[in-house]
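Visitor: Please take a close look at one helix packing in this entry. I would like it residue by residue, then by geometry.

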Amino acid sequence: MKTMNRQRRARLAATALLLVGAAATVALTLAALNENVNAFHPPASIVGGEAPVNTSIRAGGMVAEGSVQRDATGLAVSFVVTDHQGADYPVRYHGILPDLFREGQGVLVTGELTAAGVFEAREVLARHDENYMPPELADMAVHQGAAPR
Amino acid sequence: MIVELGHFAAILALLMAAGLAGTGFLAATNPAWRGLTQALALGQLALVALSFAVLVAAFVGNDFSVAYVAQNSNSALPWHYRVSATWGAHEGSFLLWTLIAAGWTAAVSVAGRQLPSEVHGRALGVLGALNAAFLLFLLSASNPFERLLPAPPTDGADLNPLLQDFGLIVHPPLLYIGYVGLAVAFAFAAAALLAGRLDAAWARWTRPWTNVAWAFLTCGIALGSWWAYYELGWGGWWFWDPVENASFMPWLAATALIHSLAVTEKRGAFKAWTAFLALTAFSLALLGAFIVRSGVLTSVHAFATDPERGVFLLIILALAVGGAFALYAARAPSIGSRATYDGISRELLLLANNAILTLALAVVLLGTLYPLAYEAATGGDKISVGPPYFNRVFVPLMLLLAAGLAIAPISRWKRTPLKLFQKAGWMLLAAAAIGVAAPLAFAGALKAGAAAAAALGTWVAVVLAADCWRHRGALTRSYLGMAMAHLGFAVSLVGIGATSQFSSALDARLAVGEAVELNGVAYRFASLTQVDGPNYTAERGTFTTDAGVTLHAEKRHYAASGQVMTEAGIAAGFFRDLYVTLGERLPDGSWAVRLNDKPLVRWVWLGALLMAGGGILAVMDPRYRRVRVRARSSRADVAPVPQAAQSGG
């Protein structure tokens, strides 16, 4: 009888500990999820002012022809992203661009939009092979009725 | 003509797999069917192997009339990459998956002959049904044997340069052996639920299969991480990318499963939960296949996408998962666990292990699928979940796991006297001192995460070493396997802590002759030369450090596809990697160069290899062979419980 009690107590303690742990994890998870979700915005939403300012977001489109400008001394680079439908915005980035980054091709950037309407990118992704395209860009291409190549 | 033979063999294999699904279940009640069941399992393997060999031959022989070969190979590709190009894209990699599934099925049919037919037959029936579904998918939605007739191209479009690498040769086969191997645990669990004998004997048959699959999965994931590290050129080794998560989630479930199986085998407890995990692990592998092959999520390395495939895979997933869990829901309530334990027992620690791993799994699953759910709920708004989310929640859970892991080997079944933990407590103090002192001594700085990882990793290792010493002379292979795997976890933990907190990186603009310093090492851009590879030309930057290390980083231009690829220059070391990549050539002739300094990064993969080795070593314990013979005659429910600590986990 005594062992049964002790056992029940131990199980109760284990269950309580498990519940507290799980609750803590859930709380931590939801908080972390809230802070680390990046919404995707097409060019029209960036230009149209629907995209939040100074918040981590994802954006994408085509790199406008002739728009890539490298800094003369450092690694700063700027280019214009466009949807070929009148929505263009400038992107600034510091660092190395991916191998498949090209003018006239699709690009996906993660970073923050400044109040002045410049997208400060902290990550730049290009398509990584001929066949694969991020779904965000693929969807845009479908809307425009043309593949972004 | 030969290509059609391969296609035909796959169709025959499908018929055999369907036959196996039928005869397996018949054999469960009528042993007369066992012979035919085994013949079908072996015949199926032979046919899929033939089919696979035909596709490899088409690649090696440059048969560009086969659409899949034309899309993924080129006559200038070196022969070993032509072989591995077979599994370089969706269709062929799924044929490899099917081949491995057929291999596991044949292995179960042969090695499991001594199991009771009520379980063995049903398990083979389940495996046959899965194989049939895979082959049907292969033939209807991703046929690698389709021809480009009557006008085949003169040369192929070439294999993606990222895949022209040793990594492609070994990573997918190992990963798939792991993934598909979890189908065996799945099939055994479903069979045991159907037969109504979810007992200790079932756990004992399942353990070796699960360990082997888990070991391969561990190797496959580690190799993938290593490959991404040196091939993507960013110096990162884990990105929390959906495709990585797709392989990591089954691993977490399988890790929980091998621990839960220990309790079910030794103590007859957690039966229903163990069955649940066995079903979950393979379900997650199927979910992973769906995520990778349907293209529903943004990933750096998804396959080219096709909605039709996604729907087909979703149907397989729904049928397998739905069927399995419906069965579970129907049968699980009647399963009683009758073992008792209290206080801090080994059961309790393994329960904690399972709780932590399951929570970690839930965290990864949520982060991976959240974008899909969000898109569905908002009618098309797209989001992505950043790596900080995963790190913030996952890391504390793993530290907690390490703390429990440290004392688990010295715990006892049923109940552990607290004084047994006394020495371990002192060892924790010493380990904590080392955890604080080591980063200070080597990196000159203290960071909480790295210190915690170093302290806990040291603690795990020290407690294990002391326990090994105490039981010297009486160490079984399953105990040594456990010790090796746990040591591997500690090594990975220390490596991850150090490399994630003390790595430094620098993007610099360098012309030939210029130098830059990172973390006390001066890198000089010594020269730039042109080199010709077999199917590419490259600019090779040679960098030298003030310590005399030479690194070669290349920018390769592949002729057939016109693609450009970065090949990092890495000076690998046990304590530290120096890592240089050439970015782009800038208008004035200088280069954008990325430098990485990665302390202890090798430990991440070394630890994983130790874990995998431990899993295999435990399987080699003679106990499993003895048991198989015994299982034939008895319906032993709970084995006598060895009380000694060296009985293994």
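Guide: Leu175(B), Tyr179(B), Leu182(B) and Ala185(B) of H7(B) are in contact with Ser247(B), Pro250(B), Ala254(B) and Leu257(B) of H9(B); contact means that C-beta atoms, placed from the backbone, lie within 7 Å. Sorted by class, this contact of H7(B) with H9(B) has 7 nonpolar residues, 1 polar and no charged ones. Here Ala, Val, Leu, Ile, Met, Phe, Trp, Tyr, Cys and Pro count as nonpolar, Asp, Glu, Lys and Arg as charged, and the others, Gly among them, as polar.

The model is predicted: local features need pLDDT of at least 70, side-chain atom pairs count only at pLDDT 80 or more, and totals for chains, interfaces and linings use all residues. Residues are numbered from 1 along each chain as its sequence is written, while chains are lettered from A and ligands numbered from 1 in the order in which they are written. The pLDDT is the predictor's confidence in each residue, from 0 to 100.

In chain B, helix H7 covers residues 166-195 and helix H9 residues 242-267; they pack at an angle of about 45°, with axes 11 Å apart. H7(B) is therefore oblique to H9(B), a term for angles that are not under 35 degrees (roughly parallel), over 145 (roughly antiparallel) or 65 to 115 (roughly perpendicular). Axes are lines fitted to C-alpha atoms, for helices over the stretch in contact, and angles run from 0 to 180 degrees between N-to-C directions. Helices are DSSP runs (H or I, at least four residues), and strands likewise (E, at least two), numbered from the N terminus.

H7(B) passes H9(B) in a left-handed crossing, with the near helix turned anticlockwise from the far one by less than a right angle.

Conventions. Two residues are in contact if their C-beta atoms, placed from the backbone, lie within 7 Å.
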